[in-house]
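Start with the structure, then read the notes below.

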Amino acid sequence: MTRRVTPLAGSLLTVIAWSLSLAVLTARVELLFVALPLALAAATLARRSSAPEYSLTCDVSADRVFEGETVTVTISVTAKSALAVVILRGPLPPNTELALGHHRRAMSLRPGETGSCRYEVRAPLRGAHDFSSVIVHVRDRWGMRAWERRHVDRRVVHAYPRVAPLRSLPRPLHTHTSIGDHVSPALGEGIEPGDVRQFAPGDQVRQVNWRASLRLGALYVTQHRHERNADVVLMLDTLAAVGPRHETTLDLGVRAVASLATAYLGRKDRVGLINYGGTIDWVRPGSGRVHYERLADTLLKAAVVFTYVTKDLGFVPARVLPPHALVIAVTPLLDARFTKAALDLAARGFDLVLLVVSPVSVTRATLPTSPINELACRLWTLERRAALAAFRRHGIAVAEWNPPEPLEGALATLARRRARMAIAG
Amino acid sequence: MMRLATAGFALVAFVVPMLTARPRPLIVAGLIGLLLTAVGITALWRWPITVAACVFSIAYAAAVWAAPARPSIGSATAFGLSLLLMLHAAELARCTRRATGAAGIIRSQTVAWLGFTAGTVSTALLVMALAAGFVASIPIGAAPLMAAAGALGTLLALAAMARRPGA
């Protein structure tokens with residue numbers, strides 16, 4: 001705990017010196033009496049002081065929230081000695097905002113008395129928010145001495161990206177042997193009908209297609225398609241971002257990736273992640289709830305790191321980018337290096353889908369309405385359409401997402417087209 | 001609320017010299033003091049309040065100088081208390097800014113201020129009684145020197161208290 005004499009003591013000494021000087025100069029005793037209360041207050045410094053004694057607890061209601069949700073912080077102080085003025089400064093991490101109450105509270109406590117401070121903090125943006133430190137500032141009755149202590153107790157609240165429910169998802173062209181939700185082109189065990197053929201020894205009676213058998217006069221059986229899972233690698237472009245604070249193309253991209261990851265993991269697929277930017281982070285494909293947290297924790301760190309260096313996807317291990325994986329690249333297509341990386345993946349035979357977060361609509365929302373801005377946005381849209389058409393000519397599936405339209409809408413057409421391709425094998 | 005208290009004590013410090021004497025320069029000095037206090041309250045800066053206290057002291061000294069009758073010790077003590085409480089209230093306002101729950105502090109502080117006022121008045125009466133006994137024994141020629149030495153001694157003692165390691 002740090003202890004110091006406050007600047008108020010300096011102010012008092014200045015006024016005392018001034019009053020005494022005037023008293024001596026004017027030879028008037030009244031001015032000595034002007035200095036008397038000030039001198040008496042300053043004389044409290046003569047008393048030996050002991051550090052204030054108290055106990056403090058700080059509780060945060062949750063350690064994991066989604067963007068936009070609130071956590072309640074409750075700080076309690078129990079005085080063991082009299083605390084004339086206590087000022088509590090609770091944690092309010094950067095990139096968070098107060099939703100209710102205030103994180104600073106002043107109080108006066110008698111021995112044994114308990115005071116508390118309760119407020120709600122909203123985390124509007126993803127991130128790991130540090131709620132570790134509480135600062136307690138105590139002053140004596142006359143404000144001459146101050147004690148300050150920072151109580152640090154590691155407490156981090158993770159604000160995960162908002163997840164939108166998705167039903168239409170791009171279907172992988174290649175599947176694994178493990179059971180999942182994707183209908184495979186291969187025939188075998190399953191519930192999805194695939195083909196009808198003549199009965200052969202070894203076929204089970206329950207596979208007999210009675211309607212076809214009666215019509216054709218011989219026994220026919222229905223073959224089913226396997227239901228398999230797949231590897232899906234989500235590749236997030238963190239090379240550049242535009243847009244207003246908390247709603248940049250990167251923030252939107254992170255939410256899209258989180259939504260896609262949730263949806264694919266819900267279908268028992270193995271999902272991996274590559275943050276492609278100034279630094280490359282990755283998570284190997286995996287499945288399950290714990291794996292989602294691994295992905296979400298990596299997404300929390302997604303940020304634009306400026307660099308002139310072009311990262312080569314060849315450095316990414318094959319375990320992270322399996323050969324038959326469906327790669328969904330989420331990008332605003334603002335940096336030519338990502339375009340190059342995407343084309344490189346397509347050239348290497350990866351099943352690539354490009355989900356383009358339109359920077360035009362995001363930027364347009366921040367600009368004042370004027371004919372010039374409208375014209376500029378239209379020209380930009382045309383340029384981007386041409387760029388997307390070039391991708392399509394390379395055989396890459398492209399979906400453009402124009403926020404605030406729902407992501408589901410952008411994925412729906414793509415999902416239908418790819419479903420036909422996947423079943424056709 | 002503490003800002004209001006600061007303004008109230010500044011007003012008292014402005015009015016007390018006016019009750020003693022009312023020459024025009026005194027009013028101007030008082031108004032400058034009020035202006036500095038307003039700046040200090042608005043910006044929650046310490047130095048304008050300190051300067052305002054010094055300006056009010058000048059105004060009071062001028063009023064005492066110009067007063068037709070000898071002003072009372074009671075009004076001088078009240079003036080000194082108003083300066084102290086103004087400085088203290090401003091400091092409290094500064095350190096509790098943007099904090100909730102200042103009402104509890106105001107309550108406990110008001111009680112402390114009332115107690116301190118009573119203590120100061122008692123001390124002033126005691127000092128007056130003691131001074132009346134000593135005044136006859138001090139030679140007239142040495143009085144200014146003794147007053148200056150006493151004032152310097154008091155200041156040095158207070159400064160030493162503020163600077164000692166255990167303070």
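## Overall shape of chain A

Chain A has a radius of gyration of 33 Å, whereas a compact globule of 425 residues would have one near 22 Å. This is a predicted model, so the values here are computed from predicted coordinates. The C-alpha trace of chain A spans about 130 × 55 × 40 Å along its principal axes.

Of the 425 residues of chain A, 40% count as buried. Take the contacts in chain A between residues at least 6 apart in sequence: 73% of them join residues at least 24 apart.

## Secondary structure and a six-stranded sheet

Chain A holds nine helices and 21 strands. Six of the strands form an open sheet. Its order is β18-β17-β16-β19-β20-β21 (chain A), and the pairing is mixed. In general, strands of a sheet pair through backbone hydrogen bonds, either parallel or antiparallel.

Which strands sit at the edges? They are β18 (281-286) and β21 (397-401) of chain A, and each pairs on one side only. Neighbouring strands of this sheet are turned by 15 degrees against each other on average, direction ignored.

## The β20-β21 end

Strand β20 (residues 351-357) of chain A runs parallel to β21(A), and five bridges join the two. One residue pair can be picked out on screen: A:Val356 has A:Glu400 in β21(A) as its bridge partner.

Helix α8 (residues 371-393) of chain A lies across β20 and β21 of chain A. Helix α8 of chain A runs at about 155 degrees to β21(A).

## The β17-β18 end

A helix also lies across strands here. Helix α5 (residues 289-300) of chain A lies across β17 (270-277) and β18 of chain A. Its angle to β18(A) is about 165 degrees.

## Where chain B meets chain A

How many residues of chain B are in contact with chain A? There are 49, and they are in contact with 50 residues of chain A. On the chain B side, the elements that give two or more residues are α3 (47-66), α4 (73-95), α5 (102-134) and α6 (143-163) of chain B. Of these, α4(B) gives the most, with 13 residues.

What is the make-up of the side of chain B that touches chain A? Its residues divide into 32 nonpolar, 14 polar and three charged.

Conventions. Residues numbered from 1 in each chain as written. Chains lettered and ligands numbered in written order. Predicted model: local features only at pLDDT ≥ 70, side-chain atom pairs only at ≥ 80, totals over all residues. Contact = placed C-beta atoms within 7 Å. Helix = DSSP H or I, 4+ residues; strand = E, 2+ residues; numbered from the N terminus. Nonpolar A, V, L, I, M, F, W, Y, C, P; charged D, E, K, R; others polar. Pairing = 2+ DSSP bridges. Axes fitted to C-alpha atoms, helices over the stretch in contact; angles between N-to-C directions. Rg over C-alpha atoms; globule rule 2.2 N^0.38 Å. Buried ≥ 20, exposed ≤ 12 C-beta atoms within 10 Å, placed from the backbone.
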